[in-house]
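Open the model in your viewer and keep the selection panel at hand. The stops below say what to select and what is there.

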Amino acid sequence: MTTVSEIIKEATKPPADDRPYSYRPAPSAEGWQGAGIRLTEQQMRARRARSIAIALALGAFVVVIFAVTIVRLGSAALERPTLMQPPGAVVTGK
Amino acid sequence: MSLTFARAEPSVAGVGDYIELMKPRVMSLVVFTALVGLLVAPGHVHPVIGLTALLCITVGAGAAGALNMWYDADIDARMARTAGRPIPRGRVTPGEAAGFGFTLAVFSVVTLGLLVNILAAALLAFTIFFYVVIYTVWLKRSTPQNIVIGGAAGALPPMIGWAAATGTLAVEPVLLFLIIFFWTPPHFWALSLYRIEDYARVGVPMLPVVAGERETRRQILIYTLILAPLGVAPWLLGYTGPVYGVAASIFGVAMIALALRVRGEHGSHRASKQMFGFSILYLFLLFAVLLIDQMSGGLFGHFAA
């Protein structure tokens, strides 16, 4: 008789090959083994290097946008917008 | 009916291949001349804004280089000087290079426009357009004047730098533009003199291929004779101190002396190679002295006076 713990164990068992699809073997005559192209070691290394470079470039882009925003707005960057004030309202206080 | 699709091999291109696509050596001269344009401009530019402008100009220049390599991949593969570039070597596909170039071009122009100013962004967009469409696609394979007219693209960076700092243009950045514009033909024709077989093989009508070596050597001398006084012009017009004037005169005389040697050379390319090498040094030194002269705030002028 199958116990509850065995059912849970079976359901949560990791797949035989849990790598992303592109890392798994291509479909073969024996049946579906996984979709996509199998990358060689060199291709995987190159892709990883490119991914890191893109991440660094995007990070640098964010930093540039942030820095220029601060430079352009100065202390006004910390001021709250007053767009919700009714027309003609006088904003008091600091 | 059955359809067969060729499956592209996954890319093996590394980060270095993409950096190579951006022509880092050309980019370094572009960045330096743009930096000089930015720093000699009047007024104060915030360092963060200045660095952002330089970064955008760098990336824009790289984008133009990548798009040039994409379009010229067919002739690059058959020329000794360019056969080792990433596309002919099979490291990067033409499509990847085109996508990379277009993406960088759009990012650099939009970022420069949003974060610095519209004039600088418009000039950068024009530079990329001029280099890729006017020079690479149109002129390079159709006229021996290709690098004369196309040289305008390489001459624009100091104007972009100036525009980034001031939001306007003036006579001084136009002078810097003219210096690089008239520097380009002697520089590239000196190279093409000893790479003549390469250009002839792929059908690029460089001046030595079309008009012969003798005419090319004559043209090198003519352009150098225009370049040398142009190099001194910023001092003659009162924009710089005498130290710049003296240095520019010495560098100009050296360029003319080399051009004369190239003119008198027969059956050898020794002087052409020296001219090509020295022309790079000439432009670097000229802009470096200009920068030092301007940054010193006339200090050199006081010493000299």
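Buried means a relative accessible area under 20%, exposed means over 50%, and partly exposed lies in between (1.4 Å probe, protein chains only). This is a predicted model, in which local features need pLDDT of at least 70 and side-chain atom pairs count only at pLDDT 80 or more, while totals for chains, interfaces and linings use all residues. Residues are numbered from 1 along each chain as its sequence is written, chains are lettered from A and ligands numbered from 1 in the order in which they are written, and side-chain values use heavy atoms, with hydrogens and water left out.

**Stop 1: B:D17 and B:R91**

Select B:D17, which is buried at 6% relative accessible area. Its side chain meets that of B:R91 in a salt bridge, with N to O at 2.9 Å; the term stands for a side-chain nitrogen of Lys or Arg within 4 Å of a carboxyl oxygen of Asp or Glu. The pair links distant parts of the chain, 74 residues apart: B:D17 sits in helix 1 (residues 15–21) of chain B, and B:R91 in the loop between helix 4 and helix 5 (94–115) of chain B. Helices here are DSSP runs (H or I, at least four residues), as strands are (E, at least two), numbered from the N terminus. B:R91 is partly exposed, at 26% relative accessible area. Over all chains, the structure holds eleven salt bridges.

**Stop 2: helix 4 of chain B**

Go to residues 73–76 of chain B, which form helix 4 and include B:D76. Is B:D76 buried or exposed? B:D76 is buried, at 2% relative accessibility. The side chain of B:D76 forms a salt bridge with that of B:R85 (3.1 Å, N to O), and B:R85 is also buried, at 15%. Leaving aside neighbours within four places in sequence, B:D76 has contacts with B:M69, B:T82, B:A83, B:R85 and B:P88, where contact means heavy atoms within 4.5 Å.

In this helix, select B:D74 as well. B:D74 forms a salt bridge with B:R141, the closest N and O atoms being 2.9 Å apart. B:D74 lies in helix 4 and B:R141 in the loop between helix 6 (118–139) and helix 7 (146–155) of chain B, so the pair ties together parts that are 67 residues apart in sequence. Both ends are partly exposed: B:D74 has a relative accessible area of 41%, and B:R141 has 29%.

**Stop 3: B:E265**

Move to the loop between helix 13 (242–264) and helix 14 (270–295) of chain B, where B:E265 lies. B:E265 is buried, at 10% relative accessible area. Not counting residues up to four places away in sequence, B:E265 touches B:R217, B:R270, B:A271 and B:S272. The side chains of B:E265 and B:S272 are joined by a polar contact of 3.3 Å. A polar contact is a pair of N or O atoms within 3.5 Å; within protein, one must be able to donate a hydrogen and the other to accept it, and residues adjacent in sequence count only if both atoms are side-chain atoms.

**Stop 4: chain A against chain B**

Finally, colour by chain. In this interface, 15 residues of chain A are in contact with 19 residues of chain B. How many salt bridges cross the interface of chain A and chain B? The rule finds zero. It does find five residue pairs in polar contact across the interface, both residues at pLDDT 80 or more.
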